[in-house]
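Thank you all for coming. I would like to walk through one structure with you this morning, taking a single element as the way in and widening the view from there.

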Amino acid sequence: MDFASLAAQLNTGAIIPELIVTATLLVVVVSDLIVGRTASSRWTPYLSIVGLLAAVVALFYQWNIADPISFLGSFNGDALSVVFRGIIALSAAITILMAVRYIEQSGTALAEFLMILLTATLGGMFLSGADELVMIFVSLETLSISSYLLTGYTKRDPRSNEAALKYLLIGASSSAIFLYGSSLLYGLSGGETNLTTIAAKIAEAGLGNSIGLVIALVFVIAGIAFKIAAVPFHQWTPDVYEGSPTPVVAFLSVGSKAAGFALAIRLLVTAFPLLTDEWQFVMTALAILSMILGNVVALAQTSMKRLLAYSSIGQAGFVMIGLVIGTQDGYASMVFYLIAYLMMNLGAFACVILFSLRTGTDQISEYSGLYQKDPLLTLALSICLLSLGGIPPLVGFFGKIYLFWAGWQAGAYGLVLLGLLTSVVSIYYYIRVVKAMVVKEPQEMSEAVKNYPEVQWNLPGLRPLQVGIIISLITTSLAGILSNPLFTLANDAVAKTPMLKQSIVSAQQQPAVERVSLDVMQSELKL
């Protein structure tokens with residue numbers, strides 16, 4: 001193979017956004033080594049944000065890319081991956097805004113934090129477009145190992161160390177299970193690693209109903225469910241969310257979860273077309289369990305971080321409705337809801353970070369009477385929580401309406417009714433926090449709010465956090481009213497992805513084939 005043909009097959013133009021993030025990562029590391037920790041912390045966060053936004057701009061120009069396949073078929077930069085990579089890059093950029101003051105106050109190095117966060121972002125972006133088993137596993141481990149390091153980044157905090165250890169042990173187990181499922185796929189396909197080729201070889205060999213393929217499916221779903229924190233693979237979530245640095249939790253709840261859903265769509269749709277009914281049944285069970293447990297257990301929480309942890313489990317259940325129904329509107333509603341989730345969940349975590357920086361606590365009872373001392377923080381947190389609950393006209397309401405409408409159209413009546421019921425439950429625990437902040441009389445203020453420091457935004461690192469809160473507040477408020485561009489983006493992402501178009505057409509043709517078979521049987525019986 002000559003150099004020209006090799007370069008054409010590598011097609012590095014499809015991963016320009018990842019190359020920009022890699023270059024940003026290298027500049028941050030080298031700059032910190034050259035100018036020193038104190039000097040670099042003044043500008044490396046902003047350089048990282050510029051690099052991530054540049055990657056998002058590059059993704060915009062890749063929307064209609066002529067040849068999205070790169071690295072000999074290992075990576076697919078189609079429209080669906082473009083959206084998911086954009087979500088991950090934006091979540092990392094907003095995480096950096098809210099992390100500057102938090103990391104500096106914890107006494108740890110900021111440049112190393114940025115380096116690990118950018119590495120996690122890189123892993124998530126590659127995972128969103130990975131179309132081959134080795135690429136999937138390397139990307140997944142890049143994201144996972146970076147997440148373990150971020151979780152235990154505040155080394156002096158025993159809770160952070162405990163969270164990192166739990167996350168590492170459970171995460172390593174889930175990776176081993178996922179790898180075993182992948183190895184079964186490799187064996188059943190006769191040594192293939194490309195997902196499309198695996199499906200074709202398994203169908204050609206007539207192994208669609210083999211027990212080996214079913215075991216592979218179960219193991220793969222277990223690995224994916226851990227990454228998206230679906231019940232019963234959610235045990236790590238509350239403890240890790242409570243013990244980890246809060247900016248890390250914000251990234252895990254959005255960036256890591258989006259990468260997990262991107263992997264779920266690509267792997268299940270492409271590699272398991274012969275077991276579509278089976279994986280949809282399993283994901284339906286996971287969605288039901290996640291919606292019930294996540295929202296019911298959240299009612300009893302006293303810590304904001306644990307409340308948002310169980311909330312994220314419930315939200316994963318809502319998003320899985322779109323995956324289960326497998327229609328164009330189903331996949332599009334998934335994409336739309338994850339974009340909305342990016343805005344409102346990161347906004348909620350930014351507010352929790354600011355409150356904990358000023359009071360040193362994240363207990364829900366300590367938020368009582370906050371409106372009297374910090375109206376901006378109260379407004380932003382209230383809007384984000386109400387949007388998570390699905391209150392109109394905020395973006396979360398339109399996201400849930402789209403998901404439930406798509407489910408109803410596809411005939412998933414039970415899932416939709418359960419989703420509506422658990423949404424009502426979620427509104428209760430979100431409004432409980434809002435009520436504590438807004439309704440309480442001055443004499444009912446908590447001790448933390450009574451001793452609340454004077455609001456000063458000119459302290460080092462607080463201005464980026466303020467920008468992050470305001471951006472989240474504006475986007476969460478206006479994206480619901482002006483949601484048409486987001487609807488269009490989500491639908492175009494699905495319509496321009498050949499993998500999903502083929503899956504949707506196959507699903508539509510199956511009932512027709514079944515009806516023809518039934519008619520043939522009836523005519524034979526009459527004869």
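Predicted model: local features only at pLDDT ≥ 70, side-chain atom pairs only at ≥ 80, totals over all residues.

Let us begin with helix 8, residues 158–188, which has 31 residues and reaches 45 Å from its first C-alpha to its last. That is close to the 45 Å expected at 1.5 Å a residue, where the expected span is 1.5 Å times one less than the number of residues. Helices here are DSSP runs of H or I with at least four residues, strands are runs of E with at least two, and both are numbered from the N terminus.

Residues are numbered from 1 along each chain as its sequence is written, and side-chain values use heavy atoms, with hydrogens and water left out.

At the start of helix 8, a side-chain oxygen of Asp157 comes to within 3.0 Å of the backbone nitrogen of Arg159, which is a polar contact, that is, a pair of N or O atoms within 3.5 Å, where within protein one must be able to donate a hydrogen and the other to accept it, and residues adjacent in sequence count only if both atoms are side-chain atoms. Just after the helix, Gly190 has a positive phi of about 80 degrees.

Which residues of helix 8 are buried? Among them are Ser160, Ala163, Tyr167, Gly171, Phe178 and Leu185, where buried means under 20% relative accessible area, exposed means over 50%, and partly exposed lies in between, with a 1.4 Å probe and protein chains only. The cover over the buried residues of helix 8 includes helix 7 (133–151), helix 9 (195–204), helix 10 (211–228), helix 11 and helix 12.

The largest nonpolar core has 174 residues, a nonpolar core being a set of buried Ala, Val, Leu, Ile, Met, Phe, Trp, Tyr and Cys residues joined through side-chain atoms within 4.5 Å. The residues with the most contacts inside this core are Ile265, Phe272, Trp279 and Tyr331, and helix 15, residues 328–359, supplies its largest share, 23 residues. If we take Phe272 and leave aside its neighbours within four places in sequence, its contacts (heavy atoms within 4.5 Å) are Leu185, Leu213, Ala216, Leu217, Val220, Leu267 and Trp279.

Let me turn to charged pairs. How many salt bridges are there? The count comes to eight, with a salt bridge taken as a side-chain nitrogen of Lys or Arg within 4 Å of a carboxyl oxygen of Asp or Glu. One of these joins Asp78 to Arg266, with the closest N and O atoms 3.0 Å apart. This pair links distant parts of the chain, 188 residues apart, since Asp78 is in the loop between strand 2 (75–76) and helix 5 (79–106), whereas Arg266 is in helix 12, residues 246–271. Both Asp78 and Arg266 are buried.

Another salt bridge, at 3.2 Å from N to O, brings together Arg306 and Asp239. Arg306 is buried, with a relative accessible area of 17%, whereas Asp239, at 29%, counts as partly exposed. Arg306 and Asp239 also belong to a network of salt bridges that links them with Glu162, Lys166 and Glu242.

Gly396 lies in helix 17, residues 395–409, and has 0% relative accessibility. Not counting residues up to four places away in sequence, Gly396 touches Tyr337, Met344, Ser387 and Gly390. Ser472, in helix 20, residues 462–481, counts as buried at 3% relative accessibility, and, with the same exclusion, Ser472 touches Met343, Leu346 and Gly347.

Finally, the chain as a whole. The protein chain has 22 helices and two strands. Its radius of gyration is 23 Å, close to the 24 Å that the globule rule gives for 527 residues, so it is as compact as a globular protein of that length; the radius is taken over C-alpha atoms, and the rule is 2.2 Å times the number of residues to the power 0.38. Buried residues make up 57% of the 527 residues, and among contacts between residues at least 6 apart in sequence, 81% join residues at least 24 apart.
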